[in-house]
Amino acid sequence: MALLPILCYPDPRLLTVAKPVQAFDVRLQTLIADMFETMYEAKGIGLAATQVNVHERLIVIDTSEGRDAPLVLINPKILWASPERHVNEEGCLSVPGIYDGVERHDLVKVEALDGSGNKHLVEAEGLLSMCIQHEMDHLMGKVFVEYLSPLKRNRIKTKMLKAQREARD
Ligand code: K1U
Ligand code: ZN
């Protein structure tokens with residue numbers, strides 16, 4: 001297994017719209033294992049393939065306390081989202097150190113394939129629901145800061161670029 005580098009905002013590759021996964025082969029199994037290792041090491045609860053510069057519709061998630069309930073969503077589709085929405089604080093491994101409120105559907109029903117290509121239905125609430133919506137945004141090339149005001153987003157962009165410059169020099 002391997003740790004994968006995570007793209008940092010405002011890297012333009014985070015804007016890429018992912019394509020459906022086509023082949024359930026050894027390459028995909030390795031990518032899934034590497035994404036879980038990367039997510040657990042970064043202490044995240046989710047990771048979209050977009051964030052590791054792979055532009056295919058693949059998400060890994062584990063919102064459990066024990067970090068022992070891995071969930072793989074391939075080619076996910078939202079079948080239903082509750083009209084009720086609430087604002088909750090979110091973070092993002094691609095925007096380290098930044099947390100802000102984002103409005104999301106309370107409940108979602110999602111159809112997806114697992115690592116073997118079998119279809120499954122996930123009914124999500126709470127943190128899992130937020131995480132699925134956040135990761136599905138990544139697959140569409142959307143980072144959570146796009147929900148914030150232009151003023152906040154520009155401040156975050158400046159802060160991230162400064163941190164990246166300092167880490168390089
Ligand atoms: O996609 C990512 O960057 C992962 C992201 C997922 C996420 C966190 C919070 C709300 C929605 C989606 C993270 O895991 S950020 C890590 C983090 O700081 C965190 C972990 C648990 C709860 C809240 C934040
Ligand atoms: Zn994110």
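1. D100 counts as buried, at 18% relative accessibility, where buried stands for under 20% relative accessible area, exposed for over 50% and partly exposed for what lies in between (1.4 Å probe, protein chains only). D100 forms a salt bridge with K152, their closest N and O atoms being 2.9 Å apart; a salt bridge here is a side-chain nitrogen of Lys or Arg within 4 Å of a carboxyl oxygen of Asp or Glu. The pair links distant parts of the chain, since K152 belongs to helix 3 (residues 150–168) and D100 to strand 5, 52 residues apart. K152, with a relative accessible area of 38%, is partly exposed.

2. On the basis of these values: this is a predicted model, in which local features need pLDDT of at least 70 and side-chain atom pairs count only at pLDDT 80 or more, while totals for chains, interfaces and linings use all residues. Residues are numbered from 1 along each chain as its sequence is written, chains are lettered from A and ligands numbered from 1 in the order in which they are written, and side-chain values use heavy atoms, with hydrogens and water left out.

3. The protein chain has 3 helices and 7 strands, these being DSSP runs numbered from the N terminus (helices H or I, at least four residues; strands E, at least two). Their order from the N terminus is α-β-β-β-β-β-β-β-α-α. The radius of gyration of the protein chain is 16 Å, close to the 15 Å that the globule rule gives for 169 residues, so the chain is as compact as a globular protein of that length; the radius is taken over C-alpha atoms, and the rule is 2.2 Å times the number of residues to the power 0.38. Buried residues make up 42% of the 169 residues.

4. C92, in the loop between strand 4 (85–90) and strand 5 (100–105), and H134, in helix 2 (residues 126–139), link distant parts of the chain, 42 residues apart. C92 counts as buried at 10% relative accessibility, and H134 counts as buried at 7%.

5. Two strands are taken to pair if DSSP finds at least two bridges between them. Strand 3 (residues 71–81) and strand 6 (residues 108–113) run antiparallel and are joined by 5 bridges, with I74 opposite L113 in strand 6. Strand 6 is also joined to strand 7 (residues 119–124), antiparallel, by 6 bridges, and E111 has L121 in strand 7 as its bridge partner. Strand 6 and strand 7 form a hairpin with 5 residues between them, and G117 in the turn has a positive phi of about 90°.

6. The structure holds 10 salt bridges. One of them joins E56 and R27, whose closest N and O atoms are 2.7 Å apart; E56 lies in the loop between strand 1 (46–48) and strand 2 (58–61) and R27 in helix 1 (residues 26–41), so the pair ties together parts that are 29 residues apart in sequence. R27 is partly exposed, with a relative accessible area of 43%.
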